[in-house]
Amino acid sequence: MKIAVEGCMHGDLDIVYQTIQHVERLNGIKIDLLLCCGDFQAVRNARDMESLNVPPKYREMKSFWKYYSGQEVAPIPTIFIGGNHEASNYLWELYYGGWAAPNIYFLGFAGVVKFGNIRIGGLSGIYSARDYHLGHHERPPYNERTIRSVYHVREYDVHKLMQVEEPIDIFLSHDWPLGITDCGNWQQLVRHKRHFENEIRERTLGSKAAAQLLEKLRPPYWFSAHLHCKFAAVVQHGESGPTTKFLALDKCLPRRKFLQIIDIESEPGPYEIQYDEEWLAITRKFNPIFPLTFKNANFGGTQLEMQDCQQWVRSRLQARGPKPFEFAQTVPSFDPSQPDSNNSYFDYPRNPQTESLLQLLELPYLLDSVSESRVPTHGPTPLIQGGSSVEYSEEIPIDDADEVEEFAEIDDVETGNE
Amino acid sequence: MEDSERRRERLKAMRTIAAQAEASSNFENPAVSGFLANPLLESPAALPAQEESRAIPRFDFYTDPMAAFSANKKRSAAGNQAQQGYVTPTSDSGSPMARFSSPRPGLRNTDMTPSPAHQIQMQSSYSPNQRMYQAHGPYDSPAPFWSPRTSPFPMHQENVAGYYSNPSDTYTRSPYPNHGGNPSFQAVGSPGFYYGQRGPPRHGNSPIIGSGRGGGSPYSGRTQGQWDGGRRNQVSSWSGRRGRGFHFRGTAPDEKLGPEPFYDKSMVEDPWQNLEPVVWRGLDSAVNNLHTPGSSNSVTMKKPRVSESSNKSSSQQSLAEYLAASFNEAVKDAASV
């Protein structure tokens, strides 16, 4: 199985797919799957742009809406995780994972799926110690605070992933596991990214949560993005343990290393994305303690036994089949001929894929429950006009072709390690 | 008091000395010219850009006194790097994409059952993973499993009843064509997308949904539709409400270049081919440096004070560095008052 891995998408689906097809032609190969490591920017219309945390100059309707609308179809199955530049309202609809567009599957805030017999896990967002132990209190429409915290990794999701016992083949995280630079040529890295040096030396570059998962899951492959550069490492777990091949990739720009093709031995195709039995069992077990306010989950409050959950899920999947519920549009797509027509709805709908999955698992729908962040005392505040006072301190500059600008802006970057 | 002409000459001489010092340093490792190229990270094609960046002569001595020390440290670090054996330059850049095998055959996750990719690493004789699921029922009919009575959790039936009242009809109408071998995707209900249980749009025209590559949609497949692809639009219909407009351009400038400028042959080469596994140090040492809620988050906790750092690294720190660090520490302390 040949898998294309891409760093940060930033909405440039057209170019990435064209490049993949170019790779196929040049090398006479067929690529079976595209994995994207975040900042996908699944912006469907103007309304979604309100949930995308980017500086005003980068607030651009890229190409995802064409795939959402059906005008274009992803030429190969695509799986992505979220980063820190996302239409967070849409990803929240698909918290448990689902088709963001035909042939484009969002792995969820945390998730595991199967593609053929390859098991792929992922964690969306970036790590921030400040928000890590909070619940998912954010709801759209986001204010200037929640638009930046909604994509911060939560302990609840990491805890769920830490329950995975069956081997994961590939894992995706947007930011790098903390300490991963020890296992690669970090000296080379800091020549190009001078501003990383202090954080590397102090071992603060990267995500603590991702590092915990790396230690626990020990997948053969781990892919990341976020820092807009290519970096490879090989981790050996223990003196005689297994190894993890880590690769971080850049964003899609000319002459940048944003794409990598890997070849993994697998069963013969055709392949398709399927629900993962163990992950659905974990979802069923932990959904009752889903933290929907500022308060963290009560991890001791789960009453179901994992073994029972897995057996229960197995019977459901055997009856229904493992294929995810089908894509469904929930809001109108951007229409370039009528750019003003996209504000003709107000509410944030439930996604039928999510509802169907929860129905399958006999779980209640909780994603639109009222959160503390919506009560008047903590209610949404209007976004600052023009965004000039909005801090983008977690930003890896999207347009960093101008390295000088990057270095200037990077001073304010918190790469998820507060 | 020297005049400006003399000072210029003196500085020029210092530049020359500095350049010679750099050249001398580079001579010790002619392959890298003061810069260790890493074939693991960058393809040869990318090297010219790197060369360009480091071709800029660095003259640190009077612009920033500390830079002189940092330059020395960098040279030292480069030496250390070579000693650590991270980099093994290779000229083999033309190899076709190969199947990536583990640099450590025989390793395995001792407490896990093998899965396909693990097996690749292990290069063992485990049988293929058999965890494939068999479909025994209809994919799109969740109704058989909708049994609130048996659910251990409170169900929000009032919220979903409308939607699930006829679940078998839920996914049957689609504005999409069936796209060949890909999974068939269907949108929910008429007129083409799903509004959730809260009903259709409350005002405005019917939304326009692309109806694939035929039909009467304003889109016509890959022809970019009816808009001016090259014109950059500033859409501000809702910016009055939010003050957050956005840009739209039908075709991104980069896209017009075609895929060639985006392609790099390293994309099909093994990025790990020259890397040796490094034993994972674990989180314990790193976690101590992290700020966690509830703990002190002061700068002084995250970064050791001068006295501490000087004790730890007195053998490596010069007097100038120590004085500079002391000065910075004093400034920070003053600012935090």
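User: Let's start with Cys36(A). Is that residue buried or exposed?

Analyst: Cys36(A) is buried, with a relative accessible area of 0%. Keep in mind as we go that this is a predicted model.

User: Okay, and how many disulfides are there over all chains?

Analyst: The count comes to zero disulfides over all chains. Cys36(A) is in none, and the nearest cysteine sulfur, that of Cys37(A), is 6.3 Å away.

User: Remind me what a disulfide is?

Analyst: It is a covalent bond between the sulfur atoms of two cysteines.

User: And Cys309(A), buried or exposed?

Analyst: Cys309(A) counts as buried, because its relative accessibility is 2% and the cut-off is under 20%.

User: How do strands pair in general?

Analyst: Strands of a sheet pair through backbone hydrogen bonds, either parallel or antiparallel.

User: Nice. What does strand 12 of chain A pair with?

Analyst: Strand 10 (residues 221-224) of chain A runs parallel to strand 12 of chain A, with four bridges joining them. One bridge partner of Trp222(A) in strand 12 of chain A is Phe246(A). Strand 11 (residues 231-236) of chain A pairs with strand 12 of chain A in the antiparallel sense, over six bridges. There, Val235(A) has Thr244(A) as its bridge partner.

User: What sits between strand 11 and strand 12 of chain A?

Analyst: These two strands of chain A form a hairpin with six residues between them. In that hairpin, Gly238(A) takes a positive phi near 80°.

User: How many residues of strand 12 of chain A are buried?

Analyst: Six of the six residues in strand 12 (residues 243-248) of chain A are buried, so the strand is mostly covered by the under 20% cut-off. Both faces are covered. Thr243(A), Lys245(A) and Leu247(A) lie on one side, with Thr244(A), Phe246(A) and Ala248(A) on the other.

User: What about strand 9 of chain A and strand 10 of chain A, how do they run?

Analyst: They run parallel, joined by three bridges. Ile170(A) stands opposite Tyr221(A) in strand 10 of chain A.

User: Which residues have the most contacts inside the largest nonpolar core?

Analyst: The largest nonpolar core has 151 residues, and those with the most contacts inside it are Phe64(A), Ile104(A), Ile120(A), Ile170(A) and Phe223(A).

User: What does Phe64(A) touch, apart from its neighbours within four places in sequence?

Analyst: Its contacts include Gly11(A), Leu13(A), Phe40(A), Val43(A), Tyr90(A), Ala101(A) and Ile104(A). Gln41(A) and Arg44(A) are also among them.

User: Quick one: where is Gly184(A)?

Analyst: Gly184(A) is in the loop between strand 9 (170-173) and helix 8 (186-192) of chain A. At 0% relative accessibility, Gly184(A) counts as buried. Gly184(A) and Val235(A) are 51 residues apart in sequence, and their C-alpha atoms are 8.4 Å apart in space.

User: Zooming out, how many helices and strands does each chain have?

Analyst: Chain A has 14 helices and 14 strands, while chain B has eleven helices and three strands.

User: And how much of each chain is buried?

Analyst: In chain A, 77% of the 418 residues count as buried. For chain B, buried residues make up 35% of the 337 residues.

User: What pLDDT does chain B average?

Analyst: Chain B averages a pLDDT of 49, and 16% of the residues score at least 70. Over residues 101-113 of chain B the pLDDT is below 50, and that stretch has 38 contacts in the model beyond near neighbours in sequence.

User: Last one: what are the ipTM and pTM?

Analyst: The model scores ipTM 0.88 and pTM 0.65.

Note on methods:
Residues numbered from 1 in each chain as written. Chains lettered and ligands numbered in written order. Predicted model: local features only at pLDDT ≥ 70, side-chain atom pairs only at ≥ 80, totals over all residues. Heavy atoms only, no water. Buried < 20%, exposed > 50% of the residue type's maximum accessible area, 1.4 Å probe, protein only. Pairing = 2+ DSSP bridges. Disulfide = S-S within 2.5 Å. Core = buried A, V, L, I, M, F, W, Y, C linked by side-chain atoms within 4.5 Å. Contact = heavy atoms within 4.5 Å. pLDDT = per-residue confidence, 0-100.
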